[in-house]
Amino acid sequence: MKTVVSTNRMFLGSMVLVVAVTAALVAAVLPLARAHHPAIATGVAPPIAQVRGHGPAGARVFVAKGCNACHSVDGSPRVGPSLYRDFGTTVTLDTGATVAMDEGYIRESILDPRAKARPGYPAVMPSFAGLVKPRELDALVAYIESLR
Ligand code: HEC
């Protein structure tokens with residue numbers, strides 16, 4: 001009887017181990033898969049579907065750097081403003097001043113998000129200075145411009 005119980009315990013123990021290892025593997029592989037397949041990250045049509053011109057590279061950076069966690073590209077609300085049809089508009093800042101949503105504003109928002117803040121949004125965007133290469137920054141700008 002005792003051996004049966006301990007065998008059961010061992011079986012249970014190994015099952016728990018198998019589940020834990022599987023979970024760890026999924027957790028390790030999913031971010032990699034996401035970086036290569038944006039559709040996995042968004043669940044629906046990836047940003048790529050809305051990309052024109054120089055977009056695709058920028059869309060990949062957008063997903064790889066986690067921008068899509070806070071910014072939608074279809075107008076739906078997230079923590080940060082949707083970047084859909086954002087480019088070319090006039091943005092009102094929390095100081096009441098207005099600024100053109102142009103290339104310069106996009107670059108500054110990415111490298112120094114605190115510089116100009118919008119009312120109604122939490123100051124949670126991290127600076128990506130040093131985290132995006134110049135060519136990734138260019139690609140992001142082109143992508144955000146393409147979302148018009
Ligand atoms: C943790 C959430 C978060 C992440 C991640 C994030 N942002 Fe933001 N972002 C915000 C919030 C919130 C604002 C608005 C508040 C502000 O102005 O600081 C903002 C503002 C912006 C703006 C200005 C938009 C406007 O209309 O004023 C741009 C452009 C932008 N982010 C681009 C990006 C890019 C590109 C990335 C990835 C490299 C990124 N963000 C990552 C939260 C985030």
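**Close-ups of a predicted model**

**View 1. Helix H4 passes helix H5 in a right-handed crossing.** What you see here comes from a predicted model. The axes of H4 and H5 come within 10 Å, and they cross at roughly 125 degrees. Angles from 65 to 115 degrees would count as roughly perpendicular and those over 145 as roughly antiparallel, so H4 ends up oblique to H5.

**View 2. Here are the side-by-side partners where H4 meets H5.** On the H4 side, look for Glu103, Ile106, Arg107 and Ile110. H5 answers with Leu137, Leu140, Val141 and Ile144. Sort the residues of this contact by kind and you get six nonpolar, two charged and no polar ones.

**View 3. Now for the largest nonpolar core, a set of 15 residues.** Which of them touch the most other members? They are Phe62, Ala139, Leu140, Tyr143 and Ile144. H5 gives the largest share, with five residues.

**View 4. Arg85 sits in the loop between H3 and strand S1 (90-92).** Have a look at the backbone here: Arg85 has a positive phi of about 55 degrees, even though it is not a glycine. Is Arg85 buried, exposed or partly exposed? A residue needs 20 or more C-beta neighbours within 10 Å to be buried, and 12 or fewer to be exposed. Arg85 has 13 inside 10 Å, so it counts as partly exposed.

Key
Residues are numbered from 1 along each chain as its sequence is written. This is a predicted model: local features need pLDDT of at least 70, side-chain atom pairs count only at pLDDT 80 or more; totals for chains, interfaces and linings use all residues. A nonpolar core is a set of buried Ala, Val, Leu, Ile, Met, Phe, Trp, Tyr and Cys residues joined through C-beta atoms within 7 Å. Helices (H or I, at least four residues) and strands (E, at least two) are DSSP runs, numbered from the N terminus. Axes are lines fitted to C-alpha atoms, for helices over the stretch in contact, and angles run from 0 to 180 degrees between N-to-C directions. Angles under 35 degrees count as roughly parallel, over 145 as roughly antiparallel, 65 to 115 as roughly perpendicular and the rest as oblique. A crossing is left-handed if the near helix is turned anticlockwise from the far one by less than a right angle, and right-handed if clockwise. Two residues are in contact if their C-beta atoms, placed from the backbone, lie within 7 Å. Ala, Val, Leu, Ile, Met, Phe, Trp, Tyr, Cys and Pro count as nonpolar, Asp, Glu, Lys and Arg as charged, and the others, Gly among them, as polar.
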